[in-house]
Amino acid sequence: MTRFRVHASLFGADGSEQVRAAGELGEAVAAAANLVRDRGRCGGPAVEPSDVRPLPWPVAGGSEESEEPGEVPPACRWFRPELLGGSDWGRGEPNRRGVAGDDADACSLVLRRAKAVTGEDQAAEVTSVSWRGPLLPEVRTEYGAELAALSRDPAPEAEPETRRKRYRLAVWADASCSGVRTLSRVTVDMASASPAAARADGVLDAYLASSGCRAAKVLGKVWK
């Protein structure tokens with residue numbers, strides 16, 4: 001059996017991905033998939049636009065989970081500002097975006113610091129996403145290069161002559177969550193490498209604990 005995946009993204013003039021427009025790409029993705037299928041002389045029914053589905057991910061401008069403005073999306077309720085260390089994180093309401101689906105849950109949070117040393121040190125970003133079921137093979141393909149680069153204690157790249165202003169550490173784990181095999185990824189993005197590295201494990205632990213995950217195995221970390 002041969003399996004292949006067709007993916008499309010739509011970007012705005014500012015370079016940001018237009019997540020809400022994913023549904024509009026259904027016909028183009030289906031047409032491309034059918035072209036590959038025909039050229040490869042694959043059997044089976046043709047791919048229909050209704051067969052195309054986006055990978056769940058935080059949406060711009062709010063949460064698809066929230067019914068009321070300012071409500072915390074269920075996928076983001078696991079996070080506490082103190083996970084980043086100190087009491088000065090969480091000035092005002094964090095910018096939260098989150099979605100939940102049958103096969104994936106995702107959250108993105110941006111927090112402000114009450115007392116920042118520099119402008120770059122003013123904000124931190126944390127993301128979490130879990131995949132399960134039929135999405136697992138697709139995720140392993142989509143993130144193949146990142147998964148291959150995982151290590152237990154990666155060192156951040158040396159700062160170039162033009163000083164690097166942000167450090168993002170991704171941590172992956174494999175676990176059984178609600179009795180289902182789940183692949184999870186969290187990232188911590190901060191102005192300095194040391195605090196990002198120091199907080200990432202605790203962030204992952206809190207995320208997995210909130211999902212009722214057991215037999216968790218940390219697959220490794222990688223700087224992005």
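**Figure 1. Burial of Cys76 and Cys107 in the predicted model.** Cys76 and Cys107 are both buried, where buried denotes under 20% relative accessible area, exposed over 50%, and partly exposed the range in between (1.4 Å probe, protein chains only). This is a predicted model, in which local features need pLDDT of at least 70 and side-chain atom pairs count only at pLDDT 80 or more, while totals for chains, interfaces and linings use all residues. Residues are numbered from 1 along each chain as its sequence is written, and side-chain values use heavy atoms, with hydrogens and water left out.

**Figure 2. The disulfide of Cys76 and Cys107.** The S to S distance between Cys76 and Cys107 is 2.0 Å; a disulfide is taken as a pair of cysteine sulfur atoms within 2.5 Å. The torsion about this S-S bond is about 115°, so the disulfide is right-handed. Distant parts of the chain are linked: Cys76 belongs to the loop between helix H1 (26–39) and strand E1 (95–100), whereas Cys107 lies in strand E2 (residues 104–112), 31 residues apart. Helices (H or I, at least four residues) and strands (E, at least two) are DSSP runs, numbered from the N terminus.

**Figure 3. The disulfide of Cys177 and Cys213.** Here the S to S distance is 2.0 Å, and the link is right-handed, with 105° about the S-S bond. Because Cys177 lies in strand E4 (residues 167–177) and Cys213 in strand E6 (residues 213–223), the pair ties together parts that are 36 residues apart in sequence. Cys177 counts as buried at 9% relative accessibility, as does Cys213 at 17%.

**Figure 4. Accessibility of Cys42.** Cys42 is partly exposed, its relative accessible area being 30%.
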